[in-house]
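Q: Could we go through this structure together? Please begin with the overall picture.
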Amino acid sequence: DPDLIQQGYELGLALHQPALAVLALQRGIAAMPERAADGWRLLGDLYASADLKDDAQARQAYQNALALTPAYKRSELLAQIPPRYRSGL
């Protein structure tokens, strides 16, 4: 259920429980492949956050998001990715 996944993600953020937010996004990516690119971007944001500080996971998530994004939308996606992760993508 997309609403339940969204609620899990938002609850994880609100309660400062990044593991819950990560799990919700991972489930969403698996359950809704049509929305996976956005899920990977959000996952990258979580891994890049002060709560997790996992640069390798963040970079991989952003790469996955780019790989799933149509060419005509890539510049829009890149604008949403923090500058320090853009190089090498």
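Q: How much of the protein chain counts as buried?
A: Of its 89 residues, 35% count as buried, meaning under 20% relative accessible area with a 1.4 Å probe, protein chains only. This is a predicted model, in which local features need pLDDT of at least 70 and side-chain atom pairs count only at pLDDT 80 or more, while totals for chains, interfaces and linings use all residues. Residues are numbered from 1 along each chain as its sequence is written, and side-chain values use heavy atoms, with hydrogens and water left out.

Q: How many helices and strands are there?
A: The protein chain has six helices and zero strands, taken as DSSP runs (H or I, at least four residues, for helices; E, at least two, for strands) numbered from the N terminus.

Q: And what is the radius of gyration?
A: The radius is 13 Å, close to the 12 Å that the globule rule gives for 89 residues, so the protein chain is as compact as a globular protein of that length. The radius is taken over C-alpha atoms, and the rule is 2.2 Å times the number of residues to the power 0.38.

Q: Turning to α3 and α4, at what angle do their axes cross?
A: The axes of α3 (residues 36–48) and α4 (residues 55–68) cross at roughly 165 degrees and come within 8 Å. Axes are lines fitted to C-alpha atoms, for helices over the stretch in contact, with angles from 0 to 180 degrees between N-to-C directions. That makes α3 roughly antiparallel to α4 (over 145 degrees).

Q: Which residues make the contact?
A: Among them are Trp40 and Leu43 of α3 and Tyr62 and Leu68 of α4, where contact means heavy atoms within 4.5 Å.

How values were computed
Parallel < 35°, antiparallel > 145°, perpendicular 65-115°, else oblique. Buried < 20%, exposed > 50% of the residue type's maximum accessible area, 1.4 Å probe, protein only.
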